[in-house]
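Okay, thanks for coming, everyone. Have a look at the screen and we'll walk through this one together.

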Amino acid sequence: MATCYDAATAKILNDTSVDALLVGDSCAMVVHGYDSTVHATVEMMASHTAAVRRGSADKVIISDLPFLSYRGSEDVSTQAVSTLMRAGSNGVKIERCKGNTELITRLVDAGVPVMGHLGMTPQSVNEFGGFKMQAKDERAAQTLLEEALELEEAGCFSIVLECIPSSVAERVTDALEIPTIGIGSGPSTSGQVLVINDILGLDSTFQPSFARRYMDGDQMVARAVEGYCEDVREGEYPNEGEFRP
Ligand code: KIV
């Protein structure tokens, strides 16, 4: 799984073997430049979801329910989910377990596939005091395991495990029937997810230790734009084949 936020990237990813696209609320940070995902809204997520769907007709698309959008009345939560589903997603991801299981069961009963998300849930960054590894001691690991089982029982089809020790991710994965998707949680989860900007190396000032850059995208983009500027300044762009007299 990889995150995706726009139609152009979705068009490229549509022709890769990646299994699913996550329209993550990380878009608030990597696309909109905010310092946390707390700034994502339903409108923002719906706009990115619709763009990704326009670019990718074939992939399974899961969209994040943004911060607090699923914590109001039943009506408000249902409206948020329906906005994202109508924008083109095939399911939604909800962070944390406590207080969410009734909603999850209700959505699953209504035909909405729901993905859980435990561990370093970024919407809770203010509670955690930063983007820090979670479930580091036995008590926290046991709580996380119990919550994963609760989410499975509630009807989640999969759970993202973010930034927890590899041994805990393995324990949770072994205990569940549904697949786990890891990020920063080692190799033992059923699958992996990465933020597309990290895969493409678009920001060398932000490189989480668990993310692998598959290209130096920021340098490549800068080189391409410098090449264009140089050609314009030297009168080499456009050439005769690139305009009509
Ligand atoms: O918002 C996001 O991109 C995510 C992934 C990092 C799991 O939730």
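So, is Tyr228 buried or exposed, or partly exposed? Tyr228 is partly exposed, at a relative accessible area of 48%; buried would be under 20% and exposed over 50%, using a 1.4 Å probe and protein chains only.

Quick housekeeping. This is a predicted model, where local features need pLDDT of at least 70, side-chain atom pairs count only at pLDDT 80 or more, and totals for chains, interfaces and linings use all residues. Residues are numbered from 1 along each chain as its sequence is written, and side-chain values use heavy atoms, with hydrogens and water left out.

Back to that tyrosine. Tyr228 pairs with Tyr237 edge-to-face, 6.1 Å centre to centre with 70° between the planes. Rings of Phe, Tyr and Trp (its six-membered ring) pair if their centres lie within 6.5 Å, and planes under 30 degrees apart are stacked, over 60 edge-to-face, the rest tilted. Tyr237 is partly exposed too, at 39%.

Now the ligand. Around it you'll find, among others, Thr3, Leu22, Asp25, His117 and Ile183, where being near means a heavy atom within 4 Å. For polar contacts, think N or O pairs within 3.5 Å. A polar side-chain atom of Ser26 sits 2.5 Å from a ligand oxygen, one of Lys93 is at 2.8 Å, and for Asp64 a side-chain N or O atom is 3.1 Å from a ligand oxygen.

Key. Polar contact = N/O pair within 3.5 Å; in protein donor to acceptor, adjacent residues only side chain to side chain.
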